[in-house]
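Hi,

Here is the structure I promised to pass on.

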Amino acid sequence: MSLSAVSGRLIPRKTHVLVYNDLAPGTDLIVHCKSDDDDLGVRHVSYGNDFEFHFRPNIWKNTLFHCTMKFNTEAYWFDIYVQDRDEDICDQCVWKIRPDGPCLIAHREICYSWRPPQA
């Protein structure tokens, strides 16, 4: 975990998440990301563009951001940041959103499948 000392205590370093529309030319992506504490709102991301947000993971190692993503009239969801899964991989987390699922671009490319939308 990336930690820094502030006032004599260790706290997680700020994490940046970038969601890049890598679907297909002319395909728009509608993204709505949330955590238990924050609703980042609905974002319209045209092909080749991105949406970025940042936060500081908590010390309990349970920070989670999930996103609903819509394109081509279909809706999908994915946990875009899971502290237990991602904190040792990236603090600059770049996600390329593709038709088959999101891919994390870190030291290597890690691709995941979409999950069905939550009810």
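**A buried glutamate and its partner**

Glu 87 is buried, as its relative accessible area is 8%. The labels work like this: buried is under 20% relative accessible area, exposed is over 50%, and partly exposed is in between, with a 1.4 Å probe and protein chains only. Glu 87 forms a salt bridge with Lys 61, and their closest N and O atoms are 2.0 Å apart. A salt bridge here means a side-chain nitrogen of Lys or Arg within 4 Å of a carboxyl oxygen of Asp or Glu. This pair links distant parts of the chain: Glu 87 sits in the loop between helix H1 (83-86) and E9, Lys 61 in the loop between strand E6 (50-55) and strand E7 (64-71), and they are 26 residues apart. Lys 61 counts as partly exposed, at 35% relative accessibility.

Before you go further, please keep in mind that this is a predicted model, where local features need pLDDT of at least 70 and side-chain atom pairs count only at pLDDT 80 or more, while totals for chains, interfaces and linings use all residues. Residues are numbered from 1 along each chain as its sequence is written, and side-chain values use heavy atoms, with hydrogens and water left out.

**The overall picture**

The protein has 1 helix and 11 strands. Both are DSSP runs numbered from the N terminus: helices (H or I) have at least four residues and strands (E) at least two. In sequence order the pattern is β-β-β-β-β-β-β-β-α-β-β-β. Of the 119 residues, 34% count as buried. Take the contacts (heavy atoms within 4.5 Å) between residues at least 6 apart in sequence: 51% of them join residues at least 24 apart.

How many salt bridges does the structure hold? There are 5. Why can such pairs form at all? Side chains of opposite charge can pair when their charged atoms come close.

One of them joins the side chains of Asp 22 and Arg 98, at 2.8 Å from N to O. This pair also links distant parts of the chain, with Asp 22 in the loop between strand E3 (15-21) and strand E4 (29-34), and Arg 98 in strand E9 (residues 92-98), 76 residues apart. Another salt bridge is between Arg 85 and Asp 86, whose closest N and O atoms are 2.7 Å apart. Is Asp 86 buried or exposed? Asp 86 is buried, with a relative accessible area of 0%, whereas Arg 85 is partly exposed at 23%. Salt bridges that share partners also join Asp 22, Arg 98 and Glu 109 into one network.

Asn 72 has a phi near 50 degrees, which is a positive value in a residue other than glycine. For Thr 73, phi is near 65 degrees, again a positive value in a residue other than glycine. Asn 72 counts as exposed at 53% relative accessibility, and Thr 73 counts as exposed at 82%.

**One last spot**

Finally, find Asp 39 in strand E5 (residues 39-45). Asp 39 is partly exposed, with a relative accessible area of 48%.

Cheers
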